[in-house]
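Please look over the structure shown here with this briefing beside it.

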Amino acid sequence: MGTRVPPLLLLLLLLGSVRGCGGGARPGGGAPREPGPAGGGGRRLKIGIICALGALVMVSNGAVIAVIASAVAGWSRSSRLTLLSLAAADAALALLVVPLNLYGGLAAPPPPEPYCRAAAFVNSSVFGASLYSLAGVSLERYVAVCFPLRHARLLGRRRLALLLAAAWLGPALLLLPVALPGRAAVLRVRFSAAALLCEPDYASNAAYAGLLAAAIFCPAAAAVTFANLRLWQAARAQRRRGDGAGPRRLRLLQLDAASRVLVPVVVAFYVCWAPCMATILYNAITKDRVHEWLEFVALWLPSGSGFLNCFVYFWTNRNFRHKFQKIGHKLCCPCSRVKWERDVHRMVTISAAVERHSSQPALLPDRSCSGSSTSTLLPRGAQTSL
């Protein structure tokens, strides 16, 4: 005699099987959402981190753009424009990347595929522009230090305009296939629930992912590493040439000062960008995903570089801080502006000493200023001040 199954139990089993078969459907035809936390404290914490990061990047780079929009003492035109391009690319991370992806993170259903594809294209293009701008800043510094007499010719107005245009348009052209929808699409796009980010699915085309890494990240990394290494070698050679010009402790301090400027540039670059590229290549090659929080940190670290660059490239510069203080006094303390400017003009600077000594025609030899030796163009007093 067989066992009789209750009808209620049969109905529950049937409903469960139907629900399990239909669970993979995505209403509304949205973009695929990767497995991850659908809600809870972890998701709210990630959204809070993204909002705070966007606010920091926007405020810091907005202040930088306001300061370097006009001339800064001691900065050449090419230096100011390349740094302005870097600050604009970092500000675009907060203005475009953060809002576009917060919508996908806050929306209950996955964002539609056209929206996710457009957001992924904008994200990747802005990240690429930031990478190329970093490389442009390093190359401009290398030319200014290692080729000072040919700096104006090597980085004239036309070449500088081409360099800045390549930094912004190059990544967008390389990533244009990401924006193609339908059958023309080279890569699929997805919304990563772990990183709360619309991104290309690099596992769908590993060859194109490798091409992007070789065309965008590798040239930028090579330019940043080579330029800063050459600048450090130039500082070391300058110390060796001045072996008899001062005490050993002073020469070591000069080399340490160069290291304190150049080493953070290279370290900050690789800390912010290497984990992101490693995660992308790991996903493209193995077609597997890393841990949820590791993916979140790796994919949002390039946005964090927009805040870190403000300290590495701008706030450590004395001329930048001086102009920032001047603008702050003009805006916040208009009553003390006259007194502050009077105190500033009383300070003795190197440029003032050089100008004072060079204004005496009897001390200068009768030759043009096109010579490469500074010691033949400046009097003894100016050399001492330098």
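Asn61 is found in helix 2, which spans residues 41-68, where helices (H or I, at least four residues) and strands (E, at least two) are DSSP runs numbered from the N terminus. The model is a predicted one, in which local features need pLDDT of at least 70, side-chain atom pairs count only at pLDDT 80 or more, and totals for chains, interfaces and linings use all residues. Residues are numbered from 1 along each chain as its sequence is written, and side-chain values use heavy atoms, with hydrogens and water left out.

**Helix residues**
- Asn61 counts as buried because its relative accessibility is 0%, given that buried means under 20% relative accessible area, exposed over 50% and partly exposed in between (1.4 Å probe, protein chains only).
- The side chain of Asn61 reaches the backbone oxygen of Gly306 at 3.0 Å.
- Leaving aside residues up to four places away in sequence, Asn61 touches Ala87, Asp90, Ala91, Gly306 and Cys310, a contact being heavy atoms within 4.5 Å.
- Pro99 has its place in helix 3 (residues 77-106), and Pro99 counts as partly exposed because its relative accessibility is 40%.
- Pro99 and Gly54 lie 45 residues apart in sequence and 8.6 Å apart in space, C-alpha to C-alpha.

**Loop residues with positive phi**
- Leu196, in the loop between strand 1 (188-192) and strand 2 (197-201), has a phi near 55 degrees, a positive value in a residue other than glycine, and Leu196 is buried, with a relative accessible area of 2%.
- Lys287, in the loop between helix 9 (248-286) and helix 10 (292-315), has a phi near 55 degrees, also positive in a residue other than glycine, but Lys287 counts as exposed at 56% relative accessibility.

**Cavities**
- There are three cavities of 30 Å³ or more, a cavity being a set of points, on a 1 Å grid over the protein atoms alone, where a 1.4 Å probe fits but cannot get out, with lining residues having an atom within 4 Å of a point.
- The largest cavity holds about 310 Å³ of space, a volume being the space filled by probe spheres set on the grid points, which are joined across faces, edges and corners.
- Of the 22 residues lining the largest cavity, Ser124, Phe127, Tyr202, Met277 and Ile280 lie nearest its centre, and helix 4 supplies the largest share of the lining, six residues.
- The second largest cavity has about 80 Å³ of space, and helix 9 gives the most to its lining, with four residues.

Terms used
Polar contact = N/O pair within 3.5 Å; in protein donor to acceptor, adjacent residues only side chain to side chain. 1 Å grid on protein atoms, 1.4 Å probe; cavity = no way out; pocket = protein on both sides within 12 Å on 5 of 7 lines; lining within 4 Å.
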